[in-house]
Every structure is written in C-alpha cells, then in structure tokens.
Amino acid sequence: MGVSGASGTPYAAAVLRALLAAGESVDLVVSRASRLTLLDETGISFRDAHWQEDLGEWLARGADGKPGTFETDLTRVRYWSAGDLAAGPSSGSYPAKGMLIVPASTAAVAGVALGLSKDLLQRAASVTLKERRPLVVAVRETPLNGQTLRHLVTLDDLGAVVVPTSPAFYAGATHIQDLVDFVAGRALDAVGVRHRLYRRWEGDLGGGGK
Ligand SMILES: Cc1cc2nc3c(=O)[nH]c(=O)nc-3n(C[C@H](O)[C@H](O)[C@H](O)COP(=O)(O)O)c2cc1C
C-alpha cells in the first residue's frame with residue numbers, strides 16, 4: 001500500500017484498517033509529500049522513526065478527525081521509508097499480491113505511468129505492473145487536465161485499475177465516514193479483498209420507483 005501526497009488521508013486510513021481487518025499483511029510506504037497532507041488533514045506529523053505511534057494515532061481517527069474512533073492491530077504492518085529504494089517491495093522477487101495507491105496524486109500517477117521510480121512508492125508500483133500483479137490507483141484531483149487523463153489511460157492500458165475518489169450516494173451515506181468508506185470499499189473490491197465498508201446496490205429502488 002502506498003500513500004501519496006494528494007488530499008484524502010481518510011481514504012488511506014479506511015483502506016488500511018479494512019486490509020488489516022481482512023487478515024492481510026500490509027507493506028506500507030508513505031511518500032514525503034503525503035506527510036504534508038496528513039499534517040494538514042489530521043494534525044499528525046508522521047515520522048519514520050516513530051511510524052507505529054503515528055500510524056496508530058492516524059488509523060484511530062474517523063473522517064471527522066475525532067481521535068479514538070477506531071481500534072486497529074498494527075502487528076501485520078511492515079513499514080518502509082519512502083526513500084529506501086533497497087526495500088523489499090522494490091524487487092519483483094519480494095512476495096506481494098498487489099498494490100493500492102490511496103490516495104494517488106497526479107504526480108504519482110505521472111511517475112508510475114512514465115516508470116520514473118523516483119521513490120519507493122513509484123518503484124513498487126512499477127514492479128507491481130511488470131510482475132502483472134493487481135495495481136489500484138485511487139486518483140484525487142479535480143478537475144483533471146489532459147496530461148493526467150493521458151497518464152491514467154496509460155495506467156489502464158498497463159492493467160492498473162483507476163479508482164477515482166468519487167463517492168456514490170446510493171449507499172445511504174449519513175456521515176463523511178460513509179462516503180470515505182464507499183471509495184475505500186470500491187478500491188478494495190478491485191483487488192478482491194472482502195470488507196463490509198458500504199452497502200451494495202441490490203437493484204431495489206425501494207418504494208417502487210423507476
Ligand atoms: C495540502 C496539500 C494538498 C494537496 N492535494 C493534492 C491533491 O488532492 N491532488 C494532487 O494530485 N496533488 C495534491 N497536492 C500536491 C502533491 O502533494 C504534490 O504534487 C507532490 O509532489 C506529490 O508527491 P508524491 O506523489 O510523491 O506524494 C497537495 C499538496 C498539499 C501540500
């Protein structure tokens with residue numbers, strides 16, 4: 001799992017919590033720029049040397065910023081520094097099922113589409129593609145310019161699943177967390193991870209509407 005510097009750190013927290021709740025082990029990389037978005041959105045200064053403490057505080061927050069909302073066991077998280085290009089996930093021989101980039105900045109989208117590997121997040125994503133493993137890119141920007149749209153088409157051509165961070169409103173959302181969980185759940189659907197983050201559409205408009 002890679003977290004890049006787009007707005008949307010609650011999406012990353014929701015995906016991480018759900019992966020761990022589903023019994024998955026997670027290799028985590030947090031880009032340098034995403035520390036700015038995390039600081040802006042949660043007030044947390046993420047430190048490599050204290051990642052467990054900072055990640056614990058982050059994952060405990062709801063999308064409304066309230067601390068202590070969730071409880072998560074971090075024992076199955078392996079944390080890698082973004083600058084560590086010798087880290088396990090930078091090699092195709094490292095055992096991995098796939099990768100999610102949540103949220104994905106337009107810079108990360110460009111870097112992965114062009115194969116830049118400027119940090120561990122981008123390198124791990126390129127490795128995921130070359131190994132033909134599932135890659136989910138939860139892009140967060142609006143509006144999108146032609147350059148980013150072309151990079152997204154490239155990623156789609158390469159087999160990645162592009163998941164825009166655009167929640168739907170048919171799942172009965174009443175809180176911000178519901179909207180966040182819908183996007184997180186759709187990202188997890190793309191890699192076949194079971195979760196109960198949102199209510200699925202079952203073809204019933206209720207009340208006999210059209
Ligand atoms: C508070 C804040 C919010 C940002 N939000 C976005 C965003 O929603 N989408 C985006 O593509 N970039 C956003 N950026 C810009 C990226 O952080 C910047 O392009 C950075 O180079 C991304 O690097 P990374 O992909 O290595 O994380 C934001 C930056 C800051 C400081």
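Tutor: Rings of Phe, Tyr and Trp (its six-membered ring) count as a pair if their centres lie within 6.5 Å; planes under 30 degrees apart are stacked, over 60 edge-to-face, and the rest tilted. Keep in mind that this is a predicted model, where local features need pLDDT of at least 70 and side-chain atom pairs 80 or more, while totals for chains, interfaces and linings use all residues. Residues are numbered from 1 along each chain as its sequence is written, and side-chain values use heavy atoms, leaving out hydrogens and water.

Student: Which residues form one aromatic cluster?

Tutor: The structure holds seven aromatic pairs. One of them joins Trp 51 and Tyr 79, with 5.3 Å centre to centre. Both belong to one aromatic cluster, made up of Phe 46, Trp 51, Trp 58 and Tyr 79.

Student: Trp 51 and Tyr 79 form a pair, but of what kind?

Tutor: Look at the planes: there are 15° between them, and under 30 degrees is the cut-off. The pair is therefore stacked.

Student: Is Tyr 79 buried or exposed?

Tutor: Buried means under 20% relative accessible area, exposed over 50%, and partly exposed in between (1.4 Å probe, protein chains only). Tyr 79 has a relative accessible area of 12%, so Tyr 79 is buried.

Student: And what about Phe 182: buried or exposed?

Tutor: Phe 182 forms an edge-to-face pair with Tyr 170, at 90° between the planes. Tyr 170 is partly exposed at 39%. Phe 182 has a relative accessible area of 6%, so Phe 182 is buried.
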